[in-house]
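This dialogue takes a few features in turn and shows how each is read. Please have the model open while you follow it.

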Amino acid sequence: MSLTVKNLTKRFTASGTPAVADVSFAAAPGGITTLLGPSGSGKSTVLRIVAGLEQPDAGQVLFGEQDMTGVPAQKRGLGFVFQSYALFKHMTVRKNIAFGLRVRKAPADEVKRKVDELLSLVQLDGLGERYPAELSGGQRQRVAFARALAIQPKLLLLDEPFGALDAQVRVELRDWLRRLHGEHDVTTLLVTHDQEEAMEVSDRVVVMHDGRVAQAGTVREVYDRPATPFVAAFVGGANVLRGLMVGGRVSVGTLAVSVADGVDAPDGASVHAYVRPHDVTLTKAEAGAPEVSLARVERMAWLGGTVKLSLKLSDGAPMTVEMPKAEVQALSINEGDLVMASPRDAKVFLEDYSI
Ligand code: ADP
Ligand code: MG
């Protein structure tokens, strides 16, 4: 079932800025759509309005063609997973998972069959008689997923579901969520502030900024063609370099950066070029190269397959470059060396771009 959100606005205080302002997006049936944005950008408020836990001041929530805006939460047929596990501590895993089915007075044999199926789906076979306190964080969160899926929800709402787990478990559960979703393709709305998580699991992302939708699209669209400077910096990260438009290219110091997408800026305009750390080619400084074109390698962080180099450009500005380890070794670059840094691509915005 698809979800459509139309022009949602929500204020918590009469005078203040709205927590959510004119938010519209659609989530396709069976996909994972992610609300991605920094803390305070309005993601949870949108999710809670979709759930019926919060009423909007304006706007609509549609499930398929049906307007759900005034329908109470418990009548919306939703599954929820929040950051904190919120399992019933005094109930076993089986009883936690069965809870929604029992409330709906499902027959005992059906409850048993369904719980067995879900235990297996979330890879917790054999742990049904344990209590939440006897499980790891990742296992508890998988129980929460099983409990949410037990009632065959029309929509699955996930608010930072992996937020409380350690880094390694988070990464495992991302893979797991994608596989789970492959077997059980319920329309899912995920909230996260973690862009890596969003990029890994989502079919579509809705980037939120200050209560508004900054951009909605596939992960690749948002990454490759950011609509605003905020999106360019927040999704994927970028070096921000000041430059001038010269002959349709961006001149940054002594560098001319070609820009893949057309830039809507006249020659002579001051611009900011957003350069991804992996969109920079490094070469060793040649003897006699003009000093202004050189950068010094201040620090190298070996991250496994790639190396993150912190450079200082000749004007003192910092630049972060990420390169495959093999390339760095082939160039034999070391900390303290002088290098030439040539951006291969940039997203360019006028310097006085607002919002
Ligand atoms: P996010 O989930 O992106 O971190 P939220 O939707 O929780 O953002 O919050 C958006 C804004 O609304 C924040 O400024 C937050 O302080 C405010 N807000 C959220 N819930 C309430 C509430 N119940 N009462 C007052 N302000 C709230
Ligand atoms: Mg939140």
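Q: In which sense do S11 and strand S12 pair, and over how many bridges?
A: Helices (H or I, at least four residues) and strands (E, at least two) are DSSP runs, numbered from the N terminus, and two strands pair if DSSP finds at least two bridges between them. Here S11 and S12 (residues 249-252) are antiparallel, with three bridges. The model is predicted, with local features needing pLDDT of at least 70 and side-chain atom pairs pLDDT 80 or more, while totals for chains, interfaces and linings use all residues. Residues are numbered from 1 along each chain as written, chains are lettered from A and ligands numbered from 1 in written order, and side-chain values use heavy atoms, without hydrogens or water.

Q: Which residue of S12 is the bridge partner of Leu244, and which residue in the hairpin takes a positive phi?
A: Leu244 has Ser251 as its bridge partner in S12. The hairpin of S11 and S12 leaves two residues between the strands, and Gly247 has a positive phi near 55°.

Q: What else does S11 pair with, and which residues lie on its covered face?
A: Strand S14 (residues 270-275) is joined to S11 by six bridges in the antiparallel sense; Arg242 is opposite His272 of S14. For covering, the scale is relative accessible area: buried means under 20%, exposed over 50%, and partly exposed in between (1.4 Å probe, protein chains only). In S11 (residues 239-246), Asn239, Leu241, Gly243 and Met245 form the covered face, whereas Val240, Arg242, Leu244 and Val246 form the uncovered one.

Q: Why is strand S9 described as largely enclosed by the rest of the structure?
A: Of the six residues of S9 (residues 204-209), five are buried, so the rest of the structure largely encloses this strand. S9 runs parallel to strand S3 (residues 32-36), with four bridges between them; Thr33 is paired there with Arg204 of S9. With strand S10 (residues 212-218), S9 is antiparallel over six bridges, and Val205 faces Gly217 of S10. S9 and S10 make a hairpin with two residues between them, where Asp210 in the turn has a positive phi of about 50°.

Q: What is the order of the strands in the open sheet, and which strands are its edges?
A: Six strands make up this open sheet in the order S6-S7-S8-S3-S9-S10, with mixed pairing. Strand S6 (78-82) and S10 are the edges, each pairing on one side only. Axes are lines fitted to C-alpha atoms, for helices over the stretch in contact, and angles run from 0 to 180 degrees between N-to-C directions. On average, neighbouring strands of the sheet are turned by 15° against each other, direction ignored. Contact means heavy atoms within 4.5 Å. Helix H1 (residues 43-51) packs on the sheet and touches S3, S6, strand S7 (155-159), strand S8 (188-192) and S9; the direction of H1 makes about 150° with that of S7.

Q: At what angle do helix H2 and helix H3 pack, and how far apart are their axes?
A: Two packed helices are described by the angle between their axes and the distance between the axes. H2 (residues 93-103) and H3 (residues 108-121) pack at about 125°, with axes 10 Å apart. That angle makes H2 oblique to H3: under 35 degrees counts as roughly parallel, over 145 as roughly antiparallel, 65 to 115 as roughly perpendicular, and the rest as oblique. The crossing of H2 and H3 is right-handed; a crossing is right-handed if the near helix is turned clockwise from the far one by less than a right angle, and left-handed if anticlockwise.

Q: Which residues of H2 and H3 meet?
A: Val93, Arg94, Ile97, Ala98, Leu101 and Arg102 of H2 meet Val111, Lys112, Lys114, Val115, Asp116, Leu118 and Leu119 of H3. By class, this contact of H2 with H3 has eight nonpolar, no polar and five charged residues. Ala, Val, Leu, Ile, Met, Phe, Trp, Tyr, Cys and Pro count as nonpolar, Asp, Glu, Lys and Arg as charged, and the others, Gly among them, as polar.

Q: How do H3 and helix H4 cross, and within what distance do their axes come?
A: The axes of H3 and H4 (residues 137-150) cross at roughly 140° and come within 9 Å. That makes H3 oblique to H4, and their crossing is right-handed. Lys114, Leu118 and Leu121 of H3 make the contact with Ala146, Leu149 and Ala150 of H4. The classes in the contact of H3 with H4 are five nonpolar, no polar and one charged.

Q: Is Val201 buried or exposed?
A: Val201, in helix H6 (residues 195-201), has a relative accessible area of 1% and is buried. Apart from neighbours within four places in sequence, Val201 is in contact with Ile32, Arg174, Arg178 and Leu190.
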